[in-house]
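Please read these numbered points with the model open beside you, and take them one at a time. They are written for someone who is new to reading structures.

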Amino acid sequence: MTGPLNGLMQDDFPLTLAHARRRMRDCHPSAQVATLTDEGAVTRASFAEVSERVDRLARALTTRLGIEPGDRVGTFAWNNQRHFELYMAVPCVGAVLHTLNIRLFAEQITYIVNHAEDQVIFVDDSLVPLLEPLVPSFEGVRHFILMGDGPAGQLPNVLRYEELLAEADSESGVGSESFDYPELDERQAASLCYTSGTTGNPKGVLYSHRSICLHATASLMADNLGLSRRERVLVVVPMFHVNAWGLPYAAALCGADLVMPDRFMQAEPLARAIESERPTVMGCVPTIFAGMLRYADTHEVDLSSLSNAVCGGSAVPRALMKDFQERHGVCIHQGWGMTETSPVVTFSDPPEDRGHDERYWDERALQGKPLPWTELRLVDDDGHEVPWDGQSTGEIQVRGPWVARRYYNDPSGDEKFEDGWLRTGDIAAIDEQAFVRITDRSKDVIKSGGEWISSVELENELMAHPDVIEAAVIAKPDERWSERPLCCVVLREGAAAGADELVEHLRPRVAKWWLPDEFAFIAEVPKTSVGKFDKKVLRAQLQEGTLEGRARIPPGGGR
Ligand code: AMP
């Protein structure tokens, strides 16, 4: 009897960021990191220069700052070259990069710094005023390392980033090539990012070298982002949110240029950066793209360099994709995922162009197919699997080598993980070709008369009305139907569409019983720390009776 025969390949070659770091220096020395700075100027460094600084940073971390393998190193920073250097150096010395989300509430930042037991925090000088008041509540932070020449304020135990790097050079005496990096195991933790947690405390997702490397490699596939050394990536998604979707690591592997906006994330500087830096790829949430469109309404903007605009983080409105394509010739690709999934799980490649009919746009609005190595299943409320027929809906569960198997030191989140699958809390239908259509977050779904109404679809249709710039639909308790949709709408300046007109707009587009009975005309939809619509704020306002501008549709008008 012969048993299974083992292969004779180098299966133990570790998938670690050490390889990505070496590729930057050896294979892509002339690739570039460009960072926007104050006066509309740009600083530039080649990957060869960045690699050399990464080596010096590695030396500073281990010798000057006493960082040991497994220690957590915090960053409180925008998207810029120094943050990228930390992305490479910290995991490569065996430590864990903890990217602090600067937009969390003060108590949440305190919680995650202490929960992660950060030893040191690297902070951008422009963010010192935000961090400073929280410092007394941090329990174990030994040093703050200031990035930039700005004032240190009242930060205690401050060291300056550039001085650390300069010292690290002179200490070695032989330049930085000699830094002796430790051997890494691919299962070792490389970075830590907390969910922006809508309920309870934020939860830590602890990425391994292996998960980051595999996810970054997947970004180079043609059916995914298709990153390559020919691309120039404008990284707008913050580096404190899910490793900036893994874009910096993918660029390190393949030699794509990086364009970093630092704190200039508003529509105007981004538009100017696109014109002058000519990125080919840009990644961000729909609200940023929507802001750029509004800016382009009143300003001359050339976005033609973008061949691949990647959007995700929440459902991408069809009207947004249409406008970008028709007015600017930019095709937006949609991806779906979450902090717990590194994040990309599905990616939608635009279907073949059939003259952009309605079916084409229906397909464009889908979240795409699961990437190789990720697997999905749909599960209903009773725990039964739901068929992939394009209609039946259930919660998406996902598994794969870049999906979390539990949270860092937090058993309170254990119910999200079930026999090797992650329960995402997203409700979707999947068709026979494996195209995913997210219909809602489970907590945002509106249950009316025993049936579900998709808030996402209503929002999508409302935002297709020319007068509507933002729409967030929430459930309003209703005696007869249990819940009914309440549409919170932001109108374009000077626009006058009323509730009746919006219902007429929806009438041919959605089921009759979905038609809302109530609208709230608001100045802006509140946003979460990562720029998504924050419906829990709207729900709270509804409960408190402070939701502005409400208009009811006469009985029977809506339904
Ligand atoms: P986060 O962990 O903050 O990145 O949030 C993840 C959540 O964002 C997912 O569970 C989805 O609810 C939502 N999301 C991300 N991408 C999409 C998308 N393309 N369409 C709809 N929802 C999305």
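1. Strand 10 (residues 232-235) and strand 12 (residues 281-284) pair in the parallel sense, over three bridges, and within this pairing Leu 234 stands opposite Met 282 of strand 12. Strands here are DSSP runs of E with at least two residues, helices are runs of H or I with at least four residues, and both are numbered from the N terminus; two strands pair if DSSP finds at least two bridges between them. Strands of a sheet pair through backbone hydrogen bonds, either parallel or antiparallel.

2. The model is a predicted one, in which local features need pLDDT of at least 70 and side-chain atom pairs count only at pLDDT 80 or more, whereas totals for chains, interfaces and linings use all residues. Residues are numbered from 1 along each chain as its sequence is written, and side-chain values use heavy atoms, with hydrogens and water left out.

3. In what order do the nine strands of the open sheet lie? The order is 2-1-11-10-12-13-14-15-16, with mixed pairing, and the edges are formed by strand 2 (42-46) and strand 16 (369-370), each of which pairs on one side only.

4. Which side chains come within 3.0 Å of a nitrogen atom of the ligand? A polar side-chain atom of Gln 334 lies 3.0 Å from such a nitrogen, and an N or O atom in the side chain of Gln 367 is likewise 3.0 Å from a ligand nitrogen. For Arg 441, a side-chain N or O atom is 2.8 Å from an oxygen atom of the ligand. Of the 500 Å² of accessible area that the ligand has on its own, the protein covers 90%, as computed by the Shrake-Rupley method with a 1.4 Å probe.

5. A search of the whole structure finds one cavity of 30 Å³ or more; a cavity is a set of points, on a 1 Å grid over the protein atoms alone, where a 1.4 Å probe fits but cannot get out, and lining residues have an atom within 4 Å of a point. The largest cavity holds about 40 Å³ of space, and its lining includes Tyr 207, His 215, Asn 243 and Ser 342. Helix 7 (residues 209-218) provides the largest share of that lining, three residues, and by class the lining has four nonpolar, four polar and no charged residues.

Key: A polar contact is a pair of N or O atoms within 3.5 Å; within protein, one must be able to donate a hydrogen and the other to accept it, and residues adjacent in sequence count only if both atoms are side-chain atoms. On a 1 Å grid over the protein atoms alone, a cavity is a set of points where a 1.4 Å probe fits but cannot get out, and a pocket is an open set with protein on both sides within 12 Å along at least five of seven lines; lining residues have an atom within 4 Å of a point. Grid points are joined across faces, edges and corners, and a volume is the space filled by probe spheres set on the points. Ala, Val, Leu, Ile, Met, Phe, Trp, Tyr, Cys and Pro count as nonpolar, Asp, Glu, Lys and Arg as charged, and the others, Gly among them, as polar.
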